[in-house]
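Please open the model in a viewer and keep the selection tool at hand.

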Amino acid sequence: MEQARAREFDEFVAARWSALIHLARLLVGGDRHRAEDLVQESLVKLWFVWPKVADDAPEPYVRKVMVRAAARSGRRLWWGERPVEQLPETAMATDVSADVAERSRLEAALAQLPPKQRVAVVLRYYQDLPEGQVAAALGCPVGTARSHAARGVARLRSLLADVIEPVR
């Protein structure tokens with residue numbers, strides 16, 4: 001029984017890891033290391049309730065845990081990073097500099113939004129969740145979630161205005 005539970009959990013993590021990491025990066029404003037920490041912390045919490053949520057909806061549960069943890073972590077002033085002597089080498093097979101630059105611009109713009117607006121925008125427009133689920137994840141009424149998303153999108157438009165061309 002315990003092995004079946006572990007196997008199901010491992011399969012869920014393997015199937016959803018990259019999507020969860022990407023969501024976490026958007027939630028924390030682009031910091032890859034904080035995003036990995038956020039996903040790992042959320043998956044630990046998911047593991048403890050796995051028998052209860054495995055059949056119903058593990059992804060919405062872990063998403064809600066991530067949103068709440070990201071909101072709490074946005075208020076932290078110090079992260080306790082420790083420098084290392086040598087950075088790991090990374091190799092790039094192809095030139096993806098334009099994609100990376102655009103993603104970095106978007107992540108930087110998202111990082112400038114207040115945490116609730118950032119969460120509302122990411123969940124509503126990246127995760128394509130209905131407004132009711134966004135409101136539930138934020139723990140606020142639907143109208144408030146809608147306002148957070150609208151204000152966040154308006155702010156993103158102003159931050160990214162030099163790229164957006166007017167429609168004629």
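Select Glu107, Ala109 and Leu110, which are the buried residues of helix H4 in this predicted model. They lie on the same side of H4, because the arc they cover around the axis is only 160 degrees. Next, display helix H1 (2-27), helix H5 (115-126) and helix H7 (142-159), against which the buried residues of H4 pack. Then select the whole of H4, residues 97-111: at 1.5 Å a residue, its 15 residues should span 21 Å, and the end C-alpha atoms, 20 Å apart, agree with this.

The tour now turns to the aromatic rings. The model holds three aromatic pairs. Select phenylalanine 9 and tryptophan 47: their ring centres are 5.1 Å apart and their planes stand at 75 degrees, so the pair is edge-to-face. Phenylalanine 9 belongs to helix H1 and tryptophan 47 to helix H2 (residues 32-53), so this pair ties together parts 38 residues apart in sequence. Phenylalanine 9 counts as buried, at 10% relative accessibility, whereas tryptophan 47 is partly exposed, at 26%.

Tryptophan 50 is buried, with a relative accessible area of 4%.

Two charged residues remain. Select arginine 5, which lies over the face of tryptophan 47, 4.2 Å from the ring centre. Finally, select arginine 124, whose charged end sits over the ring of tyrosine 125, 5.9 Å from its centre.

How values were computed. Residues are numbered from 1 along each chain as its sequence is written. This is a predicted model: local features need pLDDT of at least 70, side-chain atom pairs count only at pLDDT 80 or more; totals for chains, interfaces and linings use all residues. Side-chain values use heavy atoms; hydrogens and water are left out. Helices (H or I, at least four residues) and strands (E, at least two) are DSSP runs, numbered from the N terminus. The expected span of a helix is 1.5 Å times one less than its number of residues. Buried means under 20% relative accessible area, exposed over 50%, partly exposed in between (1.4 Å probe, protein chains only). The arc is that of the directions from the helix axis to the C-beta atoms. Contact means heavy atoms within 4.5 Å. Rings of Phe, Tyr and Trp (its six-membered ring) pair if their centres lie within 6.5 Å; planes under 30 degrees apart count as stacked, over 60 as edge-to-face and the rest as tilted. A charge sits over a ring if NZ of Lys or CZ of Arg is within 6 Å of the ring centre and within 35 degrees of the ring normal.
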